[in-house]
Amino acid sequence: MQAPPQAVQRGDPVGIDRALLERYGRIPVPRYTSYPPANHWESMFGELEAREAFCSAGTRAASIYVHVPFCRKLCYYCGCNMLVTRSESLVERYLRALELELDRVTALLSARPEIVQVHLGGGTPTYLDPDQLARLADAIQARLPWSPGIEASIEIHPAVTSVEQIRTLARLGFNRVSMGVQDFDPTVQKRINRRQSFEETRDLVLEARMRGFVSVNVDLMYGLPLQTVEHFQRTLDRIEELRPDRIALFGYAHVPSMKKHQGLFRPEELPGTAERLALLESSVQRLLAAGYVHVGLDHFALEDDELCRARAAGTLRRNFMGYTTCADSDVLAFGPSAISEVRGTYVQNAREVHDWAEMLEKGRLPAVRGHRPSDEDLARGALIMRLFCSLEVDLDELRARFPGTLCDLRHEERDLARLERDGLVLRQRARIRVTPRGQLLLRSVAAPFDTYHRADARLHAPAL
Ligand code: SF4
């Protein structure tokens with residue numbers, strides 16, 4: 001007889017049940033970087049609403065996100081908002097527009113917030129040369145000074161990053177770096193149009209450590225064309241040599257209807273469901289055996305990493321930039337397509353760099369859509385965050401925090417009962433706990449609470 005499921009305890013292994021992963025993994029669910037997911041925000045939300053949102057910011061701590069959209073080459077699997085260009089004049093225009101945006105947003109804030117986190121994402125932030133990186137960092141610091149213990153991180157593509165850039169970043173106060181690797185296999189790299197050697201990646205990791213970066217993250221991706229379990233294990237061998245503090249293991253989301261270039265992959269080149277799950281399963285087992293802890297959605301970290309400590313202490317949080325130890329803070333975001341979050345209100349900038357820059361040059365804020373949450377949205381967003389960060393949630397506690405919400409859960413009951421029957425969650429009165437078996441299926445565990453998802457289940461990529 002199978003043992004009854006238990007809630008996740010500290011140090012528990014991740015439960016891997018191939019049949020359940022296969023069943024739930026093929027059902028499309030949102031990624032929940034926000035609640036409600038971005039496809040439910042309103043395009044009637046514009047400059048006026050954005051102003052209102054920024055005016056209410058300043059009294060809470062804030063994180064800053066800057067989107068650098070430029071790339072040297074197109075990786076065919078890419079799902080980001082980016083632009084392949086060699087135009088120096090466009091980069092100059094971007095930097096000037098960014099300064100305008102920083103001026104405009106900071107002028108609206110009700111007070112100067114404590115800046116606890118800065119993240120440069122892209123695109124490829126290291127598309128910018130050392131002088132341009134310094135100009136960008138100085139522009140932020142001049143308007144929104146960083147607090148002494150700040151988490152300052154940057155995403156880099158090792159093939160377009162120099163040792164000199166790492167030195168510059170260290171001098172500018174950056175102390176965390178995230179490197180895109182995906183797969184070291186040359187056949188896969190050729191097919192996805194992204195070449196980078198182990199050696200250049202290793203040299204940058206060593207340089208970052210020598211320059212005092214306290215955390216190195218490596219992004220890996222399973223489900224890419226021509227990947228095999230055997231070859232991906234070799235990539236994991238090399239990753240073990242690098243011993244990054246954190247590893248993000250993402251599943252490739254194949255949505256050629258939204259990302260046209262992904263149509264360059266022939267369906268027969270992509271791993272099927274069984275191979276995809278074998279890649280996931282073997283990678284997770286390998287990372288756990290190497291001493292990494294599953295922090296939550298797609299993320300692993302060494303046991304002494306601050307993310308693991310924050311999870312154990314119940315202080316782990318998640319925002320657009322991923323998992324963070326920064327307690328509840330607003331997000332002020334700059335650059336094309338960047339998303340700010342101020343007290344639960346989302347504000348998204350124009351997506352194209354030209355549109356975004358033009359709006360700023362004309363004296364406007366570049367907001368084109370967003371969402372002002374209802375109390376029910378806030379409660380459900382907090383619920384999903386708890387599941388992702390603490391692996392448990394107390395509905396009564398949320399009802400007390402957001403009065404009048406989460407009253408009628410009849411719709412959710414059927415799905416919750418199914419999750420419980422399948423051993424993904426445990427329920428004790430108003431408390432819901434994720435079991436080890438549910439850890440790789442957190443999005444599926446969260447989905448029943450998403451009232452928006454019922455209407456658009458087909459628009460998202462599968463859960464795994
Ligand atoms: S470097 Fe990153 S953002 Fe640029 S094309 Fe490749 S995956 Fe996309």
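Student: Where is Asp298 found?

Tutor: Asp298 is in the loop between strand 9 (292–296) and strand 10 (299–302); helices (H or I, at least four residues) and strands (E, at least two) are DSSP runs, numbered from the N terminus. This is a predicted model, in which local features need pLDDT of at least 70, side-chain atom pairs count only at pLDDT 80 or more, and totals for chains, interfaces and linings use all residues. Residues are numbered from 1 along each chain as its sequence is written, and side-chain values use heavy atoms, with hydrogens and water left out.

Student: Why does Asp298 count as buried?

Tutor: Buried means under 20% relative accessible area, exposed over 50%, partly exposed in between (1.4 Å probe, protein chains only). Asp298 has 16% relative accessibility, so Asp298 counts as buried.

Student: What is the phi of Asp298?

Tutor: Asp298 is not a glycine, yet its phi is positive, about 65 degrees. Most residues other than glycine have a negative phi.

Student: Why is Leu406 called buried?

Tutor: The relative accessible area of Leu406 is 0%, therefore Leu406 is buried. Leu406 also has a positive phi, about 55 degrees, although it is not a glycine. Leu406 is in the loop between helix 13 (395–401) and helix 14 (410–421).

Student: Which kind of peptide bond joins Tyr35 and Pro36?

Tutor: The bond between Tyr35 and Pro36 is cis, with omega about 0 degrees. Pro36 is in the loop between helix 1 (18–25) and helix 2 (47–55).

Student: What is omega for the cis peptide bond that joins Gly122 and Gly123?

Tutor: For Gly122 and Gly123, omega is about 20 degrees. Gly123 is in the loop between strand 4 (115–122) and helix 4 (130–143).
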